[in-house]
Amino acid sequence: MNAKKWIGLCAIIALVAIVVPGTRYIFNDRKAPESEVRNFSAEQEKTLKVKTLNKDMDATALLCSTECSKEFHKLMNSGVKAHTLKAQSDKVTHMMNMHKHMAYISWLNGNRSVDRGALPDKTAAQYVADAKAKVKAGQSYQSKPFMSETGSRYMVLGVPSGKKNGIGVVGVINQDIVMQVERHQKRNLRLVPYPAEGNYRIESVDPNSNRETTVHNGEDNGNASHYHVRDVVVHFQDKLTNQQLDQIKQKINAQHIQRIGDTYVFRSKDMDADKMVHYFQKSWKTEYVEPHYLYLTNETADDNADIITPNDALYSQYQWNLPSIETEKGWGLSKGNEKVIVAILDTGVQADHPDLQGKLMDGTNIVDTDAAPNDDVGHGTHVAGIIGASVNNGEGVAGISWYNKLMPVKVLDSSGAGSTYSVAQGIIWATDHGAKVINMSLGNYAQAEFLHDAIKYAYDHDVVLVAASGNDNTDRPGYPAAYPEVFAVAATDSGNNKASFSNYGDYIDVAAPGDSIASTYPGSQYAALSGTSMASPHVAALAGLIRSINPDLNNEEVMEIMRKSSIDLGNKGKDNYFGYGLIDVDKALKAASNYTSALQNFPSQTERRLEAISRKYNAG
């Protein structure tokens with residue numbers, strides 16, 4: 001038996017799939033990184049990873065307190081219609097049922113209060129007393145984190161109404177999620193041996209060695225309704241006076257107005273097209289009012305005109321990653337399509353997470369065929385949120401795709417690890433059940449022919465396969481990312497530098513944000529994680545958007561668009577740290593909408609694929 005077969009056989013038995021995940025809440029300045037990327041000693045690498053770990057824990061704690069504070073404000077605003085103690089009590093109970101980490105809530109209103117839950121210990125009771133005193137005086141309060149006698153982490157939060165002293169909410173918040181992130185990231189940033197000895201027989205490696213349709217022709221336009229989300233075209237019966245125009249500007253909060261004869265194109269800063277159509281039809285004499293189906297050729301260019309900023313509670317403050325890859329501009333072109341399915345091969349997904357409602361398909365559990373693909377680790381739910389957390393629902397975070405369906409395929413067990421067999425079977429299952437994109441935030445350094453056969457099966461069935469490169473800051477090829485059929489992703493930080501933990505090498509296709517990424521987490525919560533596992537779903541989501549805006553593209557064309565539209569970082573041209581560069585959602589979608597399968601694209605695609613195949617066999 002030759003060496004390759006031995007490798008394949010051993011890999012079937014041994015571990016091949018270990019999650020390689022990965023948050024940061026500072027703003028991105030899109031500066032170009034240094035062309036040289038430092039190589040770190042083992043001690044330096046450990047120091048940087050510990051720093052990343054602590055940052056993720058701090059960011060997760062902040063996400064938790066921020067989300068709870070916003071929920072408390074929503075509770076108080078709802079109290080306007082809740083005049084009785086019972087009505088208020090029902091609202092508190094509902095909120096606590098939706099947010100299990102809220103251990104105790106006291107809704108204060110002068111000398112009375114509605115109290116639900118239980119105080120974990122005397123320390124909590126003292127902090128709650130301090131919080132109530134502050135809130136009654138109209139001041140906010142936040143205690144230091146503290147450990148209860150049972151070993152759980154808590155903090156006390158006091159939020160005044162801001163309208164009248166004596167009204168506010170005080171809560172005791174369980175923050176065990178911070179310790180979960182700590183355990184999770186110690187494994188996935190390889191700060192501890194992983195998986196635990198006895199689970200798999202392995203040897204450690206040295207880290208340094210609005211739903212859209214596609215218009216193809218004039219006939220298709222009859223069933224299409226593409227329009228700017230905050231534009232309307234209005235033809236008035238009578239000429240407008242300057243006073244009337246000013247009145248309209250104020251009413252719709254106008255950002256931009258164009259006029260051709262008696263026809264106006266109004267763009268609002270915050271009112272959507274449907275509301276504006278209703279307003280003009282009801283309040284003005286018009287010949288017609290319609291959405292702005294086509295841009296007028298003499299419109300002054302406005303780089304910010306098509307930017308869509310979602311209202312999700314944590315977006316503006318914490319999600320640096322989406323603006324950094326021009327997602328907000330890209331949404332003006334495509335928000336996805338529910339017919340284009342993105343499969344998530346991972347630890348499963350929390351099925352009832354409020355920020356993933358309506359986005360998840362049934363999926364499957366390869367690890368336990370009798371169970372649903374529920375997430376018992378946290379990693380898969382986090383990955384799912386990056387791709388498709390509900391957008392513009394006023395809750396939590398925003399995903400990159402508004403409409404693509406997510407298919408959870410649980411291939412990793414409760415320790416966050418899985419076998420070659422489970423991953424290979426998951427790839428085949430997802431392919432056979434309609435996935436057009438597969439995200440694999442997992443990997444190892446051993447090639448396995450069995451896994452490669454499954455990957456080739458999916459590739460030959462026109463699936464775009466995306467994988468994380470790994471978190472060991474090594475140039476050793478990680479698999480499945482390094483297979484020629486797979487699109488390999490490295491991670492960047494908010495300054496567009498290579499993330500210190502990110503693997504690199506000549507197999508890297510592109511880079512994407514992977515440093516302190518805020519996303520959904522089990523327990524209907526939100527966490528910040530770092531890793532190439534967080535970078536990979538950014539690219540998988542982009543592939544889903546591309547396949548939504550132009551379903552005629554094959555998988556290789558989708559990948560080629562993502563490479564060629566990326567923003568060059570580091571050394572000029574393709575390099576080992578960023579591949580072709582940082583993904584750009586807006587540029588990629590523009591390219592996809594105008595893409596034709598021209599013969600001139602064939603030579604570069606063929607050359608790249610031959611190089612990848614040659615590299616694989618030379619390495620063997």
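Which residues in helix 2 meet which residues in helix 3? The first point takes up this question; the model discussed throughout is a predicted one.

1. Helix 2 and helix 3. On the side of helix 2, the residues concerned are Glu-71, Phe-72, Leu-75 and Ser-78, and they meet Lys-91, Val-92 and Met-95 in helix 3. Helix 2 spans residues 42–78, and its axis lies 10 Å from that of helix 3, at a packing angle of about 155 degrees. Because angles over 145 degrees count as roughly antiparallel, helix 2 is roughly antiparallel to helix 3. The crossing of helix 2 past helix 3 is right-handed.

2. His-101 is placed in the loop between helix 3 (85–98) and strand 2 (102–109). Is this residue buried or exposed? His-101 has a relative accessibility of 8% and therefore counts as buried. Apart from neighbours within four places in sequence, the residues in contact with His-101 are Cys-64, Cys-68, Val-172, Ile-173, Asn-174, Gly-523 and Gln-525.

3. In helix 6 (residues 242–252), the buried residues are Leu-245, Ile-248 and Ile-252. These residues lie on the same side of helix 6, because the arc they cover around the axis is only 60 degrees. The face turned away from that buried side carries the exposed residues Asn-242, Gln-243, Gln-250 and Lys-251.

4. Helix 6 and helix 7. Where does helix 6 meet helix 7? Ile-248, Lys-251 and Ile-252 in helix 6 are in contact with Met-276, Tyr-279 and Phe-280 in helix 7. The residues of this contact comprise 5 nonpolar, no polar and 1 charged. The axes of helix 6 and helix 7 (residues 273–283) come within 12 Å and cross at roughly 145 degrees. The crossing is right-handed.

5. Asn-253, at the end of helix 6. Just after helix 6, Asn-253 takes a positive phi of about 55 degrees. A negative phi is found in most residues other than glycine. Asn-253 belongs to the loop between helix 6 and strand 9 (254–260). With a relative accessible area of 29%, Asn-253 is partly exposed.

6. Helix 11 and helix 14. At what angle do the axes of helix 11 and helix 14 cross? Helix 11 (residues 379–388) and helix 14 (residues 532–549) have axes that come within 8 Å and cross at roughly 40 degrees. At that angle, helix 11 is oblique to helix 14. Helix 11 passes helix 14 in a right-handed crossing. From helix 11, His-379, His-382, Val-383, Ile-386 and Ile-387 take part in the contact, and from helix 14, Ser-533, Met-534, Pro-537, His-538, Ala-540 and Ala-541. The residues of this contact include 7 nonpolar and 4 polar, with no charged residue.

7. The loop between strand 18 and strand 19. Two backbone features deserve attention in this loop. Asn-473, found in the loop between strand 18 and strand 19, has a positive phi of about 50 degrees although it is not a glycine. Asn-473 counts as buried because its relative accessibility is 4%. Pro-480 also lies in the loop between strand 18 (464–468) and strand 19 (486–492). The peptide bond leading from Tyr-479 to Pro-480 is cis, with omega near 20 degrees. Most peptide bonds, by contrast, are trans.

8. Val-464 in strand 18. Val-464 has its place in strand 18 and, at 0% relative accessibility, counts as buried. How far apart are Val-464 and Glu-556 in sequence and in space? They are separated by 92 residues in sequence and by 7.6 Å in space, C-alpha to C-alpha. Not counting residues up to four places away in sequence, Val-464 touches Lys-436, Val-437 and Ile-438, together with Ala-543, Arg-547, Asn-555, Val-558 and Met-559.

Conventions
Residues numbered from 1 in each chain as written. Predicted model: local features only at pLDDT ≥ 70, side-chain atom pairs only at ≥ 80, totals over all residues. Heavy atoms only, no water. Helix = DSSP H or I, 4+ residues; strand = E, 2+ residues; numbered from the N terminus. Buried < 20%, exposed > 50% of the residue type's maximum accessible area, 1.4 Å probe, protein only. Contact = heavy atoms within 4.5 Å. Axes fitted to C-alpha atoms, helices over the stretch in contact; angles between N-to-C directions. Parallel < 35°, antiparallel > 145°, perpendicular 65-115°, else oblique. Left-handed = near helix turned anticlockwise from the far one by under 90°. Nonpolar A, V, L, I, M, F, W, Y, C, P; charged D, E, K, R; others polar. Arc of directions from axis to C-beta.
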